[in-house]
Amino acid sequence: MTNPAYEQYRTANIESGRIYQDFVVDACWNLLGLAIVQYSSALYQHNVGESKTGAEIKHDEMFARTGNLWIEVEEKARPRPGPYASSGIYRGDNTWLYIIGNYDHVFIFQKTLLKLLHQSGRWRVIENNTKTSCGFLLPEKDATTLAAAVLHPRASNRISKVIGNMSKLGRELHEATKRNLAQLDLFCGDDQQ
């Protein structure tokens, strides 16, 4: 049985992730000269990887508030009984770079390093409130030290203005989220991000 509030949250989150991916592609090109060539079809994304470059990009919308990056190790598309699938740093694809952050801080990691951090046991794996993802929280101080590169585009205010004016659907999703503050409980918890 699908949860309409979750489905609305998931749709908005997917679009937010796509916008962030485009932003990171531009930031990496402009600031590093690194060309990230994203795959758009589900076929390529599932069978090859997120990009020809071997980079996976994750938008961590909670980072500014918590100071922690959510490093995913398992996921489910929707809350359901049963096992999780390996994901994030454990996806069996061509990914060797794991790029995560927000519009002000973009952390670029080697995927193998994040696997070693997870395997060290130093950071406890937890399940998120939506019961769709398991991962560990990497504090900003550690992330800054361990990342191969950290970009500081300082673009959150500009991006929020662009997103706010994007489309009718975007405005409708934004308004629906404001009306139903209970949606925040889907992904905000006391002990998580």
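Which exposed residues does the face of α4 turned away from its buried side carry? They are T112, L116 and Q119. Exposed denotes over 50% relative accessible area, buried under 20%, and partly exposed the range in between (1.4 Å probe, protein chains only). The model is predicted, with local features requiring pLDDT of at least 70 and side-chain atom pairs pLDDT 80 or more, while totals for chains, interfaces and linings use all residues. Numbering starts from 1 along each chain as its sequence is written, and side-chain values use heavy atoms, without hydrogens or water.

Helix α4 spans residues 111-120. Helices (H or I, at least four residues) and strands (E, at least two) are DSSP runs, numbered from the N terminus. The buried residues of α4 are K111, L114 and L117. These lie on the same side of α4 because they cover an arc of only 115° around the axis. The arc is taken over the directions from the helix axis to the C-beta atoms. An α-helix has 3.6 residues a turn, so residues three or four places apart point the same way. The cover over the buried residues of α4 includes β2 (68-75), β4 (97-101), β5 (106-110), β7 (133-139) and α5 (140-146). Contact here means heavy atoms within 4.5 Å. After α4 comes G121, with a positive phi near 80°.

The largest nonpolar core has 18 residues. A nonpolar core is a set of buried Ala, Val, Leu, Ile, Met, Phe, Trp, Tyr and Cys residues joined through side-chain atoms within 4.5 Å. L69, I71, F107, F109, L114, F136 and L138 touch the most other members. Two or more residues come from each of β2, β4, β5, α4 and β7. Another core, of 17 residues, lies apart from it and includes I19, F23, A27 and A155. With residues up to four places away in sequence not counted, the contacts of F109 include L69, W96, L114 and L138.

Four strands form an open sheet in the order β1-β4-β5-β8, with mixed pairing. Two strands pair if DSSP finds at least two bridges between them. β1 (55-59) and β8 (149-151) are at the edges with a single partner strand each, so one side of each has no neighbour in the sheet. The twist from one strand to the next averages 20°. β5 and β8 run antiparallel and are joined by three bridges. In this region, F107 stands opposite V150 in β8.

Helix α1 (residues 4-32) lies across β1, β4, β5 and β8, at about 120° to β1. α4 also packs on the sheet, where it touches β4 and β5 and makes about 85° with the direction of β5. Axes are lines fitted to C-alpha atoms, for helices over the stretch in contact, and angles run from 0 to 180 degrees between N-to-C directions. α1 has 29 residues and reaches 41 Å from its first C-alpha to its last, close to the 42 Å expected at 1.5 Å a residue. The expected span is 1.5 Å times one less than the number of residues. Buried residues of α1 include Y6, Y9, I19, F23 and A27. G33 follows α1 and has a positive phi near 70°.

Two residues other than glycine also deserve mention. K131 has a positive phi of about 60°. K131 lies in the loop between β6 (126-127) and β7, and is partly exposed at 45% relative accessibility. Phi of R154 is positive too, near 50°. R154 sits in the loop between β8 and α6 (156-164), and is exposed, with a relative accessible area of 52%.
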